[in-house]
Amino acid sequence: MSTAPKYVINANRVLQHLGEANVSQKEAALAAGFHPDHLNRLISGSHSPSARTRRRLMASEVFQGLSFGDLFRQVGGDVR
């Protein structure tokens with residue numbers, strides 16, 4: 001039986017990118033349109049990003065140039 005995939009933030013890559021871009025987590029969260037605590041929970045792994053949150057992160061100016069695979073990794077469902 002097939003299950004829906006679950007994705008989490010690729011924390012190491014995201015934090016590396018923020019460091020290289022000299023952007024704080026707070027600045028990145030605000031640029032993506034949500035509260036800094038939310039991004040912190042995503043990076044720490046205590047929450048998984050919804051499809052809407054994934055789209056907002058991908059569209060954020062801060063994360064331009066990163067692919068879906070750079071930002072997220074699949075941890076559940078049928079791994080493709």
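Me: What makes N22 count as exposed?

Reply: In this predicted model, N22 has a relative accessible area of 70%, and a residue is called exposed when that value is over 50%, so N22 is exposed. The residue lies in the loop between helix 1 (11–21) and helix 2 (25–32), and although N22 is not a glycine, its phi is positive, at about 55°.

Me: Why is L39 called buried?

Reply: The relative accessibility of L39 is 0%, and the word buried applies to values under 20%, so L39 counts as buried. L39 is found in helix 3, which covers residues 36–44.

Me: Which residues does L39 touch, leaving out those up to four places away in sequence?

Reply: With those sequence neighbours set aside, L39 touches Q25, A28, A29, F34 and L57. G65, by comparison, is 26 residues from L39 in sequence and 19 Å from it in space, taken from C-alpha to C-alpha.

Me: How do you know that A28 is buried?

Reply: A28, which is found in helix 2, has a relative accessibility of 0%, and since buried means under 20%, A28 counts as buried. Leaving out residues up to four places away in sequence, A28 touches L18, V23, L39, S60, V62 and F63.

Me: What makes S60 buried, and where is S60 found?

Reply: S60 is found in the loop between helix 4 (51–59) and helix 5 (68–71). Its relative accessible area is 3%, and because the limit for buried is under 20%, S60 is buried. Apart from residues up to four places away in sequence, S60 touches A28, A31 and A32.

Me: Why is helix 2 called roughly perpendicular to helix 3?

Reply: The axes of helix 2 and helix 3 come within 8 Å and cross at roughly 110°. Angles of 65 to 115 degrees count as roughly perpendicular, so helix 2 is described as roughly perpendicular to helix 3. In this contact, helix 2 has six nonpolar, two polar and one charged residues together with helix 3, and the crossing of the two helices is right-handed.

Me: Which residues of helix 2 and helix 3 meet?

Reply: From helix 2 the residues are Q25, K26, A28, A29 and L30, and they meet P36, L39, N40 and I43 in helix 3.

Me: Which members of the largest nonpolar core touch the most other members?

Reply: This core has 18 residues, and I9, V14, L39, L57 and F63 are the ones that touch the most other members. Strand 1 (6–9), helix 1, helix 2 and helix 3 each supply at least two residues of the core.

Me: Why does G76 count as buried?

Reply: The relative accessible area of G76 is 16%, and a value under 20% is what buried means, so G76 is buried. G76 has its place in strand 2, residues 72–76, and, not counting residues up to four places away in sequence, G76 touches A4, P5 and K6. The C-alpha atoms of G76 and Y7 are separated by 7.1 Å, although these residues are 69 residues apart along the chain.

How values were computed
Residues numbered from 1 in each chain as written. Predicted model: local features only at pLDDT ≥ 70, side-chain atom pairs only at ≥ 80, totals over all residues. Heavy atoms only, no water. Helix = DSSP H or I, 4+ residues; strand = E, 2+ residues; numbered from the N terminus. Buried < 20%, exposed > 50% of the residue type's maximum accessible area, 1.4 Å probe, protein only. Contact = heavy atoms within 4.5 Å. Axes fitted to C-alpha atoms, helices over the stretch in contact; angles between N-to-C directions. Parallel < 35°, antiparallel > 145°, perpendicular 65-115°, else oblique. Left-handed = near helix turned anticlockwise from the far one by under 90°. Nonpolar A, V, L, I, M, F, W, Y, C, P; charged D, E, K, R; others polar. Core = buried A, V, L, I, M, F, W, Y, C linked by side-chain atoms within 4.5 Å.
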